[in-house]
Amino acid sequence: MSRLATLALLASAALPGALAWGAMGHEAVAYVASNFVAPATRTYFQSLLADTSADYLASVSTWADSHRYTTAGKFSAPYHYIDANDSPPSSCGVSFARDCGAEGCVVSALQNYTTILLDARYSAANRQIAAKMIIHFAGDIGQPLHCEALDVGGNDIDVVYDGDDTNLHAIWDSEIPESVSGGSSMASAKSWATTLTTAINSGEYKSQAAGWLTGLSVSTAATRQATALKWATEANTYVCSTVLKGGLNAVENKELSGAYTTAAGPVVKLQIAKQGYRLAKYLDAIVAAI
């Protein structure tokens, strides 16, 4: 499943963008991570990304979404998800062998881009691209419908949100996170991340945070894959428990801006906080191993 030779050839510049989790959600994950990385990690990535501002992670967090729609980056489209071929809401689960296709998936992408970032033989330009991909995919892998095959990860499930026709995947990417955070801007993401950081440090997530890091390791290719697969499997469980709890009939062509969003909001908030914290410690582990 390795794509190191292909990945090493990438050197494209950022383009304005497309969405997944929604730009604001990705930025929130990155800002949470920025609040928890070790000083040495912050210094390393500010240098690699050529950005010494406080936005150094958030400002590149959506780059991978833009890149996938370019000629040079179209190969990376499958890296944003893993197609769990399970049976929600009765049964959820992710199998790497079954669900990560020949073109790769978010689990293999995190594994392979981490390998590049850890290897000083790659150019700074290629390691910069690897960093951008990792920052983005650590967010994608926490979105439940990025870890689900049913109806193209919910893209083919028509729903209504606040009177507008859309699809289930889209509202999990954008509308629900924006309803929780109170906005769609980068400033909203930063403010939300501050609130989530407090929840991790001293609030509702304080007792959970250490457990979020169980099994996190970048020491070998196998442990990198296992780390990412654990995150994907965990996100996928919410497809059964929350996203499609009542089955397709409960959401298809239904207005979901009310009670459905009220139920989904805590899961979205948790996943953004969790993946931001995990991203921080994952980047710490990378820098410690370099």
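This briefing describes the core, helix packing, aromatic pairs and backbone features of the structure above.

The model is predicted: local features need pLDDT of at least 70, side-chain atom pairs count only at pLDDT 80 or more, and totals for chains, interfaces and linings use all residues. Residues are numbered from 1 along each chain as its sequence is written, and side-chain values use heavy atoms, with hydrogens and water left out. Helices (H or I, at least four residues) and strands (E, at least two) are DSSP runs numbered from the N terminus. The largest nonpolar core has 88 residues, and a search of the whole structure finds nine aromatic pairs.

**Nonpolar core**

- A nonpolar core is a set of buried Ala, Val, Leu, Ile, Met, Phe, Trp, Tyr and Cys residues joined through side-chain atoms within 4.5 Å.
- Buried means under 20% relative accessible area, exposed over 50%, and partly exposed in between (1.4 Å probe, protein chains only).
- Within the largest core, of 88 residues, those with the most contacts are Phe 45, Leu 168, Trp 172 and Tyr 260. The most residues come from helix H12 (residues 259-289), which gives 14.
- Contact means heavy atoms within 4.5 Å. Leaving aside neighbours within four places in sequence, Leu 168 is in contact with Leu 145, Gly 154, Ile 157, Val 159, Val 243, Leu 244, Val 251, Leu 256 and Tyr 260.
- In soluble globular proteins, nonpolar side chains tend to be buried together.

**Helix packing**

- Axes are lines fitted to C-alpha atoms, for helices over the stretch in contact, and angles run from 0 to 180 degrees between N-to-C directions.
- A crossing is left-handed if the near helix is turned anticlockwise from the far one by less than a right angle, and right-handed if clockwise.
- Helix H6 (residues 106-118) packs against helix H7 (residues 124-140) at an angle of about 145°, and their axes are 9 Å apart. The crossing of H6 past H7 is left-handed. On the H6 side the contact involves Val 106, Ala 109, Leu 110, Tyr 113, Thr 114, Ile 116 and Leu 117, and on the H7 side Asn 126, Arg 127, Ala 130, Ala 131, Met 133, Ile 134, Phe 137 and Ala 138.
- The residues of the contact of H6 with H7 comprise 12 nonpolar, two polar and one charged. Here Ala, Val, Leu, Ile, Met, Phe, Trp, Tyr, Cys and Pro count as nonpolar, Asp, Glu, Lys and Arg as charged, and the others, Gly among them, as polar.
- The axes of H7 and H12 cross at roughly 145° and come within 9 Å, and H7 passes H12 in a right-handed crossing. Ile 134, Ile 135 and Ala 138 of H7 meet Gln 275, Leu 279, Tyr 282, Leu 283 and Ile 286 of H12 in this contact. The contact of H7 with H12 has seven nonpolar, one polar and no charged residues.
- Helix H3 (residues 39-48) has Thr 41, Tyr 44, Phe 45, Gln 46 and Leu 48 as its buried residues. These buried residues of H3 pack against H6, H7 and H12.

**Aromatic pairs**

- Rings of Phe, Tyr and Trp (its six-membered ring) pair if their centres lie within 6.5 Å; planes under 30 degrees apart count as stacked, over 60 as edge-to-face and the rest as tilted.
- Among the nine aromatic pairs, Phe 36 and Tyr 277 are edge-to-face, at 4.9 Å centre to centre and 85° between the planes. Phe 36 lies in the loop between helix H2 (23-34) and H3 and Tyr 277 in helix H12, so the pair ties together parts 241 residues apart in sequence. Phe 36 is buried at 11% relative accessibility, as is Tyr 277 at 12%.
- Trp 172 and Tyr 260 also form an edge-to-face pair, at 6.5 Å centre to centre and 85° between the planes. This pair links Trp 172 in helix H8 (residues 168-181) with Tyr 260 in helix H12, 88 residues apart. Trp 172 is buried at 0% relative accessibility, and Tyr 260 at 14%.
- One aromatic cluster is formed by Phe 36, Tyr 205, Trp 212 and Tyr 277.

**Backbone features**

- Most residues other than glycine have a negative phi, and most peptide bonds are trans.
- The peptide bond from Pro 88 to Pro 89 is cis, with omega near 5°; Pro 89 lies in the loop between H4 and helix H5 (96-99).
- Asp 151 has a positive phi, near 50°, and lies in the loop between H7 and strand E1 (158-161).
- Asp 162 has a positive phi, near 55°, and is exposed, with a relative accessible area of 60%.
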